[in-house]
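This report goes through one protein model, element by element. Please keep the sequence and the structure in view while reading.

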Amino acid sequence: MKQHEIKSEKEIGGVTFYIRAFPAFTAANISGELAAVLAPAMAGIVPLAAQRGQADVMNIDVSQFSSAMAGLSGDKVEILLKKLLTKYGNISIETDDGVKPLDNDLANEVFCGDVQNMFVLAFEVIRANFGGFFENLAGQFGLQKVDIPTMMKAAQADTEN
């Protein structure tokens, strides 16, 4: 059954994650929440890129990115991350004791101090479950492609320098 097959295997921060597909109705529910959370962020990011004459959001500096994201509700982001990563048991993780389902406690342990990796995993889950979601969303805002994990890594590198 498609729902039980591993759709994607990703190593993030030295940890291997196994991603399975969401059930159809769960995916439909989450897609509505994704649009509700990410569309306002995209609406804030795209004008910043346009102001700089760029069609690529990769070149926005961190302070501009942060200001575009400021309107997001932390509660909504947390609920969405839990749905993507732990609520439906669609992710397993390689541990010293074998492969285990990712739950809230294990996620807290794995991502403590590395919260950016939690966002990278969430976007990998979105990619595995929603195919061209970002490309379709980006097209609505006049962009060719939005590669959020790469953008987040670039933002992290900017803050480290």
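## Overall make-up

The model is predicted. It contains seven helices and four strands. Read from the N terminus, the order of these elements is β-β-α-α-α-β-β-α-α-α-α.

Of the 161 residues in the protein, 42% count as buried. Among contacts with a separation of 6 or more, 60% are between residues 24 or more positions apart.

## Helices H3 and H5

Two packed helices are described by the angle between their axes and the distance between the axes. How do H3 and H5 pack, in angle and in distance between axes? Helix H3 spans residues 74-87 and helix H5 spans residues 115-130; the angle between them is about 60°, and their axes are 10 Å apart. H3 is therefore oblique to H5. Their crossing is left-handed.

On the H3 side, the contact is made by Val77, Leu81, Leu84 and Leu85. H5 contributes Met118, Phe119, Leu121, Ala122, Val125 and Ile126. By type, the residues of this contact are 10 nonpolar, with no polar and no charged residues. An α-helix has 3.6 residues a turn, so residues three or four places apart point the same way.

## Burial and ends of the two helices

H5 has 16 residues and reaches 22 Å from its first C-alpha to its last, close to the 22 Å expected at 1.5 Å a residue. H5 is mostly covered, with 12 of its 16 residues buried. The buried residues include Met118, Leu121, Ala122, Val125 and Ile126, which also take part in the contact with H3. Asn117, Glu124 and Asn129 are also among the buried residues of H5.

In H3, the buried residues are Val77, Leu80, Leu81, Lys83, Leu84, Leu85 and Thr86. After H3 comes glycine 89, which has a positive phi, near 65°.

Serine 8 is placed in strand E1, which covers residues 6-12. Is serine 8 buried or exposed? The relative accessible area of serine 8 is 12%, so this residue is buried. Apart from neighbours within four places in sequence, serine 8 is in contact with Phe17, Tyr18, Ile19 and Ala128. Ala128 is itself one of the buried residues of H5.

Glutamate 9 also lies in strand E1. Its relative accessibility is 54%, and therefore glutamate 9 counts as exposed. Leaving aside residues within four places in sequence, glutamate 9 is in contact with Thr16, Phe17 and Tyr18. Glutamate 9 and isoleucine 93 are separated by 84 residues in sequence, and their C-alpha atoms are 9.7 Å apart in space.

## Alanine 27 in helix H1

Alanine 27 is found in helix H1, residues 24-51. This alanine has 15% relative accessibility and so counts as buried. Which residues does alanine 27 touch, not counting those up to four places away in sequence? They are Phe22 and Phe130. Phe130 belongs to H5 and is buried there.

Alanine 27 can also be placed relative to H3. Alanine 27 and leucine 84 are 57 residues apart in sequence, and 9.5 Å apart in space from C-alpha to C-alpha. Leucine 84 is one of the buried residues of H3 and takes part in the contact with H5.

Note on methods:
Residues numbered from 1 in each chain as written. Predicted model: local features only at pLDDT ≥ 70, side-chain atom pairs only at ≥ 80, totals over all residues. Heavy atoms only, no water. Axes fitted to C-alpha atoms, helices over the stretch in contact; angles between N-to-C directions. Parallel < 35°, antiparallel > 145°, perpendicular 65-115°, else oblique. Left-handed = near helix turned anticlockwise from the far one by under 90°. Contact = heavy atoms within 4.5 Å. Nonpolar A, V, L, I, M, F, W, Y, C, P; charged D, E, K, R; others polar. Expected span 1.5 Å × (residues − 1). Buried < 20%, exposed > 50% of the residue type's maximum accessible area, 1.4 Å probe, protein only.
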